[in-house]
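This briefing is meant for a reader who is meeting the structure for the first time. It begins with the chain as a whole and then turns to its domains and one of its sheets.

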Amino acid sequence: MMSMAKRLLVLTFALVFLTLGFVGCGKKDTSGKLVIGGTGPLTGEASTYGTSVKRGAQIAIDEINDAGGINGIKLEFIFEDDEADGTKAKAAFEKLMDNGMQIFMGTVTSGAGVALNEAIKNEGLLHVTPSASQIEAIENPNSFRICFNDVDQGKAMAEYIYQKLGYKKAAIIYNQDDSYSSGLYDAFKKRWTELGGSISADTSFAKAATDFNAQLTKIAGSDADFLFMPIYAEKASQIIIAANEKNIKLPLLGCDGLDGILNYLTGDNAKLVEGLIYYTPFLASDPSEKVQSFVAKYKAKYNLEPDQFAADAYDAIYVIKAAIEKAGLTVEDTKLTAKELGEKLVPVMTQIEVDGLTGKITFSTSGEPTKSAKVAEIKDGKYVAKD
Amino acid sequence: MQQFIMTLIDGINLGSVYALVALGYTMVYGIAKMLNFAHGDIIMVGAYTIVVFITRLSISVPLAMILCVAFCALLGFVVEKLAYKPLRHATPLSVLITAIGVSYLLQNLALLIFGTNRQFIVRFIDVGNFNLFGVSVSGISVIIWVTTIVIMIGLYTFIKKTKLGRAMLAVSEDKGAAQLMGINVNRTISITFVIGSALAGVASILYSAKYLNVDPYTGSLFGIKAFAAAVFGGIGSIPGAMIGGLLIGLIEALTASYLPFNLNAASDGFAFVILIIMLVLKPTGLLGKKNTEKV
């Protein structure tokens, strides 16, 4: 039997926790403001992407508010961590709705995005994802994306490697558990074999994997002339280090997930990715005035060079701004619910054109962007454009 | 042929890491008759101490290694004292559930302190590569093979030859009788845990040196594989843990390389399928002893 004192203690703790739970629920005063919410991984293995998106979007929000807002409407930006996980993303989305979100700028990753499809459909709000590239991530009519989708990206990379670089025999390593990675893999493989390329080593790993030696041995023993890695930068950095120990010196290629890989490779390891080529819509070394002004602001605020995720998010906010202008919203309209705003904003999305950091963007009715892509290469420890 | 030898070496490398973890598992089970599911997580904690001591505080490597083993042993002592000792006379099921609880507690503590981001470890044991039959083998892997064999032999002789070791054996065979013979059963079980956790400390050093990164879930995956290895070899048997670890490592590497279809990720599952088949044929594992229950 618990003693009386113990019971009292437990009761007190329970009450304290309950009260703490309620304190966080007070709603902020957002009159005269439009609330844009976002979710993305701020912790976990995809955390660099979420952090970049949050920062890039914040810069755009600050720019717009400092210039007096849109027709007098100020923007408020709230962001929640989803750890790139579907279940966590659902909770984060609910929390954003509770906090008055009217427009959704998320998710950062595809898996989390697909998990939100039903909620986004039900809420009927305008949804712009900066970087969820899986086809299904924008299956709702109120969803749009800034980045390229996996199928187009995988196809484009197959064509670039086969036609421009002239490689014919592929070694592939991808993450079977991840929808982004397997989506790219399928699209790449389909186009690659159509073109006439062969696959010398076709390998994959599971999400929890820490040991890649068996896969790398298979790759080392094949006659492949390049290694294609349609995966995220964190895992890729571990695989590249292990590949070096196995003396694999194949040219490395990948997709936009490899952006930021230098953050994971310190000291001598950074040299291992010299010459790595990946597909990206944005490069901080782009000399255009728009990009350089963004890079300067980003560096001043965060002491870091922005990556494509930051640029995608920056563009996402300006796309939302263009839609608000096109729909002719006024300060009065900030009182509308997320759904009512969605009804006004979604139809104008296909009519806008935004000259963003990642190119001139227009949208098709399916929500896909039309814009040009760049191929980047790592040279002397920097990401530079490649023809 | 070269490819085949390389795959075998991959398997042995991976298998010796499993074996190293399985040794601690099996020793604690063999003597205290409980499955310490938190064993893998103690390795994870050990790897974090390496992160703190070497990457963050830049303490000299040998000292950091000693501190890591000492910390793991201390952690094992504390966990045993707080979580397992009060349950000495409880049913095995309650102890098992408690061990799972401890495992989650350690994972969540690591999450709380270090966050979900993977922590990277600087290369602190750098011994280059060895050449074996024309195949290059990383030096750290060779160190792991040697350490695993040394620990296996050491543990075996310790239990068979020393007074404390024989006391452990006596406790494992019959707690009541051991008590009557003047053995302090409680203390013997506590010491078993401390030794098991110190072994986890050694495993964590070698794990960190080989993989150079750790996250809060590192221990659970290796823990489960090592548990399978221990069962494969016959849980409670020290040479069995070694053989079981190596076999699981080899099966994983061979299925990943030679399955005719792309199912690398499923090679994890393949090892377990073989484990199930083996347990159907020989329920005590490869080297397990058959215990006849006396009524």
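**Overall picture**

In chain A, among the contacts with a separation of 6 or more, 70% are made by residues 24 or more positions apart. The model is a predicted one, and its chain A contains 12 helices and 15 strands.

**Dimensions and burial**

- A compact globule of 387 residues would have a radius of gyration near 21 Å, and because chain A has 23 Å, its value agrees with that expectation.
- Taken along the principal axes, the box filled by the C-alpha atoms of chain A comes to roughly 70 × 65 × 40 Å.
- Of the 387 residues in chain A, 51% count as buried.

- The domain assignment of chain A gives domain 1, made of 33–148 + 287–372, and domain 2, which covers 151–280.
- Between the C-alpha centres of domain 1 of chain A and domain 2 of chain A there is a distance of 29 Å, and the contact takes 14 residues from domain 1 of chain A and 14 residues from domain 2 of chain A.
- On the side of domain 1 of chain A that touches domain 2 of chain A, helix 4 (residues 110–115) of chain A gives the most, with three residues.
- The residues of that side of domain 1 of chain A divide into five nonpolar, seven polar and two charged.

**An open sheet of seven strands**

- Seven strands of chain A form an open sheet with mixed pairing, and their order is 7-6-8-9-10-14-15.
- At the edges of this sheet are strand 7 (198–205) and strand 15 (382–386) of chain A, each of which pairs on one side only.
- On average, and with direction ignored, neighbouring strands of this sheet are turned by 25° against each other.
- Strands of a sheet pair through backbone hydrogen bonds, in either a parallel or an antiparallel manner.
- Strand 14 (residues 374–379) of chain A and strand 15 of chain A run antiparallel and are joined by five bridges, and K379(A) stands opposite K382(A) in strand 15 of chain A.

**Helices against the sheet**

- Helix 8 (residues 213–220) of chain A packs on the sheet, where it touches strand 6 (169–175), strand 7 and strand 8 of chain A, and its direction makes about 175° with that of strand 7 of chain A.
- Helix 6 (residues 150–165) of chain A lies across strand 8 (226–229), strand 9 (252–254), strand 10 (277–280) and strand 14 of chain A, and it runs at about 140° to strand 10 of chain A.

Technical notes
Residues numbered from 1 in each chain as written. Chains lettered and ligands numbered in written order. Predicted model: local features only at pLDDT ≥ 70, side-chain atom pairs only at ≥ 80, totals over all residues. Pairing = 2+ DSSP bridges. Helix = DSSP H or I, 4+ residues; strand = E, 2+ residues; numbered from the N terminus. Axes fitted to C-alpha atoms, helices over the stretch in contact; angles between N-to-C directions. Contact = placed C-beta atoms within 7 Å. Rg over C-alpha atoms; globule rule 2.2 N^0.38 Å. Buried ≥ 20, exposed ≤ 12 C-beta atoms within 10 Å, placed from the backbone. Domains from an automatic or database assignment. Nonpolar A, V, L, I, M, F, W, Y, C, P; charged D, E, K, R; others polar.
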